[in-house]
Amino acid sequence: MSKISIGKRLKRGGYIALLFSLLLTTANAYTTERVVLVIIDGLRYSEGLGDSDHIYTPRMAALAEQGALVNDFQNDGYTYTSRAIPAIWCGAWTEINTFSDPACSGSSNSTTQLPTVFEYYRKQVNQPASDCVYTLKDLCSWKASFDENYGPDYWPLYHAEGSTDTDVWHETEQIISDLAPHFLLMYLADVDHEGHSDNWDNYLAAIQIADSLVGKLWDVLQADSAYSGRTTLFVTNDHGRHDYDFSGHGDSCPGCCQIQLLAVGPDIQAGLLSEEPRSIPDIAPTIGELLGFTAEQSTGTAMLELFDGTSELDSKPNQTPSSIRFTKIFPAPFNSELSIEFELNTSESGQINIYNLRAELIWTNTVVAALGNVRTFSWAGTNQYQNPVPSGVYIIQLTNGLESVSQKVILLK
Ligand SMILES: [Zn+2]
Ligand SMILES: [Zn+2]
């Protein structure tokens, strides 16, 4: 398996303006229409995708080869379920409140202080609960927020059935068939439960079951015309387990904090091992990026480095109203030479700038084009000193000084 490593650390401050222009020019350019998020409770990374032999997680390892794995993904807050799962929902470490839950016969239940991805999605994208489903085993599920701008009108459809992960999978399969929600969260609890039982074999067996269910889920999605080719799957977990005792968790040891983030789908780079450090709050804005909502109170940022430039390159450039545009950028990904076809709206000169994901300008050139004429420019994958640049994602920006358009490209050596 060949893995590509990109970007060490973004300098976020200097990146915002460029990112903003990138988002403006590539909005709705994703092929992804549906997102499925799987949370495997309490899977320690050393028995998951952190094991290079993938003994217990062969299906997820295969998906990681088709998609992207974040090499350094952390629970950066509380390494226990009741705080970490709400942090995944909210894209932030949120306070938890209690309320009398009519859906649980009025017994006391938990609700998040901050709004959740479900609420952001349902309100901003204007979808009914049937389009936003949360499957889990039969327990009184913790609820989303009572935020004044969001709240129960935008909660997901909680579908709690059965007592094992396999039961949850069968319910999920039914939901996919019956409702085909655009946003689905499947929560698998057994790995954590078996870990606490202090039985190593049962813990490993639970991991193998969870892995096989993720594989079955992906197979079902690929066989379903509503999902196939337009669904991004994320698989993560809330926390790991102690390095020194697999039966417990909850402190800041590496075993508890290092978790997994696997992404696979039409907009995700294939075979990417991303070196950009990430953490739980980054999941919600990444889902929002794909589904078209903003996780307003998230403290994280979308993991754009996982995304492939291909779908933007395939999209019709004239969807953007800008009067300057790329007409074609190819091949995608490119290996040695990238052809950039563009139009400027004046006969005056413009500029092509190429940035890496650290927002460093690595190449720039003045270009001239007659009004309405398509011009072609090629970039040989070098910096201004003619030295080859490494494999990775690059951002091509065309500007005439008044407006600019940008597209991501992938250099794959
Ligand atoms: Zn636990
Ligand atoms: Zn620990």
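Begin by selecting β16 and β19, two strands that pair in the antiparallel sense over 6 bridges. Strands here are DSSP runs of E with at least two residues, numbered from the N terminus, and two of them pair if DSSP finds at least two bridges between them. The model is predicted: local features need pLDDT of at least 70, side-chain atom pairs count only at pLDDT 80 or more, and totals for chains, interfaces and linings use all residues. Residues are numbered from 1 along each chain as its sequence is written, while chains are lettered from A and ligands numbered from 1 in the order in which they are written.

Next, select Gln351; its bridge partner in β19 is Thr399, and its bridge partner in β17 is Thr366. Strand β16 (residues 349–356) pairs with β17 in the antiparallel sense over 7 bridges.

Now colour β19 (residues 392–399). Because 7 of its 8 residues are buried, this strand is largely enclosed by the rest of the structure. (A residue is buried if 20 or more other C-beta atoms lie within 10 Å of its own, with C-beta atoms placed from the backbone.)

Continue to β20, which pairs with β19 in the antiparallel sense over 8 bridges. Thr399 has Ser404 as its bridge partner in β20. The two strands β19 and β20 form a hairpin with 4 residues between them, and Gly401 in the turn has a positive phi of about 95 degrees.

Finally, show the whole open sheet of 4 strands, in the order β17-β16-β19-β20 with antiparallel pairing. β17 (361–368) and β20 (404–411) stand at the edges, each with a single partner strand, so one side of each has no neighbour in the sheet.

Technical notes
A residue is buried if 20 or more other C-beta atoms lie within 10 Å of its own, exposed if 12 or fewer, and partly exposed in between; C-beta atoms are placed from the backbone.
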